[in-house]
Amino acid sequence: MQRFASALAQNKHLKVLRLSLNRLGDEGIDYLSEALALNSALEHLDLFDVEFTNFGARFLETALRRNTATLKSLRLSNTKVTVDHAQLLVEAVNNSSSLQCFRWVNLLPMREDRVWDRQDMQKVI
């Protein structure tokens, strides 16, 4: 993943990247996020069913705050990100000037203490 991310960071032609169903984890998301922050061509990133935790969400959030010019759509699902950490990522999305489409579907949103709470229904993304 490290070599792939290094190539992606410099790529000037790739517009769509679908990494669905890959087991990147937090480490893979870290490499991908570094590449995303530097890439000047990628417009659509699909991370459907790519599990990562709060650490991965933080890496992705940082990348979105650094690359505000090119990424137009981001799709996430079935992460292991808790509701509270998800909010930071959503704020980065909201502050992006280029992002037009953001979709995040989790089957089981979780609180910090890992217990489902009906109050989370108001925060489901």
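Mentor: We start with a definition: a residue is buried under 20% relative accessible area, exposed over 50% and partly exposed in between, with a 1.4 Å probe and protein chains only. This is a predicted model, in which local features need pLDDT of at least 70 and side-chain atom pairs count only at pLDDT 80 or more, while totals for chains, interfaces and linings use all residues. Residues are numbered from 1 along each chain as its sequence is written, and side-chain values use heavy atoms, with hydrogens and water left out.

Trainee: Does Ser 33 count as buried or exposed, and why?

Mentor: Ser 33 counts as buried because its relative accessibility is 3%. Across the protein, 43% of the 125 residues count as buried.

Trainee: Which residues is Ser 33 in contact with, leaving aside its neighbours within four places in sequence?

Mentor: Contact means heavy atoms within 4.5 Å. On that basis, and with those neighbours left aside, Ser 33 is in contact with Phe 59, Leu 60 and Ala 63. The C-alpha atoms of Ser 33 and Glu 61 are separated by 8.4 Å, although these residues are 28 apart along the chain. For the protein, among contacts with a separation of 6 or more, 80% come from residues 24 or more positions apart.

Trainee: In which element is the place of Ser 33?

Mentor: Elements are DSSP runs numbered from the N terminus: helices are H or I with at least four residues, strands are E with at least two. Ser 33 lies in helix H2. The protein has four helices and four strands, in the order α-β-α-β-α-β-α-β from the N terminus on.

Trainee: How is the packing of H2 and helix H3 described?

Mentor: Axes are lines fitted to C-alpha atoms, for helices over the stretch in contact, and angles run from 0 to 180 degrees between N-to-C directions. Angles under 35 degrees count as roughly parallel, over 145 as roughly antiparallel, 65 to 115 as roughly perpendicular and the rest as oblique. The axes of H2 and H3 (residues 54-66) cross at roughly 0° and come within 8 Å, so H2 is roughly parallel to H3. Ser 33 is one of the H2 residues that make this contact, and Phe 59, Leu 60 and Ala 63 are among those of H3.

Trainee: How do H1 and H2 pack?

Mentor: Helix H1 (residues 2-10) packs against H2 at an angle of about 10°, the axes being 8 Å apart, and therefore H1 is roughly parallel to H2. Leu 8 of H1 and Tyr 31 of H2 are among the residues that make the contact.

Trainee: Now to the sheet. What order do its strands have?

Mentor: Strands of a sheet pair through backbone hydrogen bonds, either parallel or antiparallel. Two strands pair if DSSP finds at least two bridges between them. Here the four strands form an open sheet in the order E1-E2-E3-E4, with parallel pairing. E1 and E4 (101-105) are the edge strands, each pairing on one side only.

Trainee: How many bridges join E1 to E2, and how many join E2 to E3?

Mentor: Three bridges join E1 (residues 16-18) to E2 (residues 44-47), with Val 16 opposite His 44. Four bridges join E2 to E3 (residues 73-77), where Asp 46 has Arg 75 as its bridge partner.
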